Every structure is written in C-alpha cells, then in structure tokens.
Amino acid sequence: MANSHSNHPAHLQHHFVSSEQQFDAAKMGMWLFLVTEILLFSGMFVAYVVYRTWHPEVFLLSSELLNPFMGGLNTLVLLASSFTVALGIHYAQKDNKKGLVINLVLTFLFALTFLVVKYFEYTAKFEHGIFPGAAFDPHGVSHGVDYAMYNVPYAKQFFSIYFVMTGIHGFHVLVGMGLFTWITIRAVKGEFSSEYYTPVENCGLYWHLVDIIWIFLFPLLYLM
Amino acid sequence: MSHAEHHISSIKTLTIVFGGLVFLTVLTVLTAQLDLGAFNVPLALAIATTKAALVVVIFMALKWDNKVNTAIFGIGILFVIVFISFTLFDTLNRGDLTNTTKGTVQDQQIQAEKLQAQEPDASAIQFNRTPQ
C-alpha cells in the first residue's frame, strides 16, 4: 500500500511511506522536544542544587513554611492523572471511544485540581509577604508561626527558586489542560482509533513528563 | 498495517504501577519525618528516581518503544548529569579561591585578625547563621 494514492488512510500524509513510519517520526519528535523540556528544568534544578549546597540550613528552615500536605495531595493528583492518561491510550488502542473520552476528561479535571490547590498555596504565601524576588518581606503570624522569623539571609533565594520552579511547572500544567481540551474534542468527534491515535500518545508523553518534574520538585522543596 | 507491533499495556499492569507510585509517595513522606542525617536527601532522590523510572518505562512505554527514543532520552539525562556535576565542581570549591580578591593573602590574614579582635566569638561573624 506504500505507493498507493487512492486507498491510503485519511490521516496518512503523502511524505510518509506508512502509518507506522508517520507514528514513529511523530513520537521521536516528541521525545526530542521532551529532552529540551528536561534541559529547561535542569537549569532550575542546578540553581536549586547550588544554593542548597551553599546554604543548606536556610533551605531546611525555609521549607518549613511550605505545606507538605498540599504538596503531597498534588503529587497524588498528578500521579492519578498520569494513570488516567495511560488508561486513555490503552482504550484508544482498543478502539474504545467512551473509555478514551472519560479518561481524557478525568485527566483534565485532575490538572484543574492541581492548579486550584496551587492557587490556595500561593495565596497563603502572598498573604504573609512571601513573594519571589525583591518584594520578599515575610510578616504576620498564623497557626503559631511567626513569619518574620523566617526573614533570614538567602531565604529570599529559596522562595524565588520555589516560585520560579513551581510557576513554570504550573504553566506546563495549564498548557496540558489546553492540549487535553483539544484532544478530548477530537476524541468525541471520533477522530481517533487503534489505526490513528498519535496526538493522544504524544500529549500523554508530554503529560507524563510534567508528572515526572513534580515527582522531583515535591520532595526537594516540601520535604527536605 | 503493522499495528500489532504497538504494545498495549494491560489495565492490570497500569493499575499495579499506579499503586506502586502511590506507595512510594507515602514512603517518601514518612522517611522524610525520620532524621537520617546526611542520608535524607539521597534517600528522597532514590525514591523520586524510582518513581520517575516507573513512569518512563511503563506509562511512557519506553520499554516496548523504538530503541532510538531510549537513546534520545538517555543522552538527555546524561547531559543533565554533566550540567549538575560540572557546575558543582565549580560552586563547591569556590572557598578554596578566596585570594582572588584585591590584595595579598597576607593582607587578608591581617584583615581577618582585626575582625577577630573586634568580635571574639567566631560563630558571631558567620553571616548566614540561623536565628536562635
């Protein structure tokens, strides 16, 4: 069927020999993109590692202000969303449209939950003057915690790293929600099947990477 | 069509991996409560790496995928390791190069002795001490 123009599947573009080659090319492109994403985040992990090795006691003290319950909850939410995305691909491969759509919607809802929890975390910090950069000015008392106690040299750097890393990660979650909206609409229209589900596969790969970044951010920022 | 080649992970496999990831999350929260001294961070990183490996190998299906994708991912990780370790070669050893400022080592020793005379408690001149 490789050279036939009349009876090739609708999704197969002319410059590919087969659906299989098209799928492999798209997926390899996605992995290359994921490596650039890993390198983007690794720059921030380097900043974390350098400041942490220089001022370990400041990082230990400052991380007390982050809420490990909220961070742990968000870890479970993202793991669940990775699970639903993997299930979605399983159903796409089995031509189960209903299973695919349900799992894509669940993934979207988990992503939304993650950002809502993050919103409450950020506002709780902002209320006490914990901002990234020059605006850093911890003050006030809540739940027996005197925030002014945490205004030590280099605490500002810890929270700048926290806000930049979780902020850029959060932006990726937002992008993921946009992608899953797009994929869900296409799935409802019945555009995917076991013959063609490349966009579902690649959005899934992207989403798993967002999950992996958080898997490292959670213990490093909240628990250590 | 060669779609039979695409690996389909069973729901059972995916569920077991999800359960494992939840278990490891609980484990990392619990072990963080223990005071293991210098081992807290390596342990947390080991658990996080195990979780990431489960996601990459099973959820992202690298185990059954075209080997070129494993190579791309592996090279990416290799460069992250180079990035972090070579930066640390610099930043962890900067204290050894304090005499790169203006003035000689002798000048600096005289300066340090003057400071010591003003403030006998050595711990008090550490600029990054934690508050009592």
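Figure 1. Of the 86 residues in the largest nonpolar core, four touch the most other members: A:Trp31, A:Phe159, A:Trp207 and B:Phe59. A nonpolar core here is a set of buried Ala, Val, Leu, Ile, Met, Phe, Trp, Tyr and Cys residues joined through side-chain atoms within 4.5 Å. Helix H6 of chain A (residues 198-223) gives this core its largest share, 17 residues. Because domain 1 (1-65) and domain 2 (66-117) of chain B both contribute residues, the core lies between them; those domain bounds come from an automatic or database domain assignment. Helices (H or I, at least four residues) and strands (E, at least two) are DSSP runs, numbered from the N terminus. This is a predicted model, where local features need pLDDT of at least 70 and side-chain atom pairs count only at pLDDT 80 or more, while totals for chains, interfaces and linings use all residues; side-chain values use heavy atoms, with hydrogens and water left out, residues are numbered from 1 along each chain as its sequence is written, and chains are lettered from A and ligands numbered from 1 in the order in which they are written.

**Figure 2. Close-up of B:Phe59.** Leaving aside residues up to four places away in sequence, B:Phe59 touches A:Ser82, A:Phe83, A:Ala86 and A:His208 on chain A, plus B:Leu14, B:Val17, B:Phe18, B:Leu21 and B:Leu54 on its own chain. Contact means heavy atoms within 4.5 Å.

**Figure 3. A:Glu201 and A:Lys27, paired across the chain.** A:Glu201 forms a salt bridge with A:Lys27, and their closest N and O atoms are 2.9 Å apart. This one links distant parts of the chain: A:Glu201 sits in helix H6 of chain A and A:Lys27 in helix H1 (residues 19-54) of chain A, 174 residues apart. The rule for a salt bridge is a side-chain nitrogen of Lys or Arg within 4 Å of a carboxyl oxygen of Asp or Glu. By that rule, the count over all chains is four. Both ends of this pair are tucked away: A:Glu201 is buried at 7% relative accessible area, and A:Lys27 is buried at 6%. Buried means under 20% relative accessible area, exposed means over 50%, and partly exposed is in between (1.4 Å probe, protein chains only).

Figure 4. A:Lys118 pairs with A:Glu121, with the closest N and O atoms 3.1 Å apart. Because they are three residues apart in helix H4 of chain A, about one helical turn separates them. Both A:Lys118 and A:Glu121 are buried. The side chains of A:Arg186 and A:Glu191 also meet in a salt bridge, at 2.6 Å from N to O. Here A:Arg186 is buried at 18% relative accessible area, whereas A:Glu191 is partly exposed at 34%. Elsewhere, salt bridges that share partners join A:Lys27, A:Glu201 and B:Asp65 into one network.

**Figure 5. A nonpolar patch on the surface.** A:Ile102, A:Val105, A:Leu106, A:Leu109, A:Leu112, A:Val116, A:Tyr119 and A:Phe120 make up this patch, with about 700 Å² of accessible area together. Patches take residues with over 30% relative accessible area and no salt bridge, joining like charges within 9 Å and nonpolar side chains (Val, Leu, Ile, Met, Phe, Trp, Tyr) within 5 Å. Accessible areas come from the Shrake-Rupley method with a 1.4 Å probe, and for residues only the protein chains shown count as cover. One of the members, A:Ile102, lies in helix H4 (residues 97-127) of chain A and is partly exposed at 44% relative accessible area.

**Figure 6. A:His169 and its neighbours.** A:His169 is found in helix H5 of chain A and is buried, with a relative accessible area of 0%. Not counting residues up to four places away in sequence, A:His169 touches A:Phe41, A:Leu78, A:Phe114, A:Val210, A:Ile213, A:Trp214 and A:Leu217. With A:Val210, the gap is 41 residues in sequence but 7.1 Å in space, C-alpha to C-alpha.

**Figure 7. The buried side of helix H2 in chain A.** In helix H2 (residues 56-63) of chain A, the buried residues include A:Val58, A:Phe59, A:Leu61, A:Ser62 and A:Ser63. The buried residues of this helix pack against H1, helix H5 (155-188) and H6 of chain A.

**Figure 8. Chain B.** Chain B has four helices and zero strands. Buried residues account for 26% of its 132 residues.
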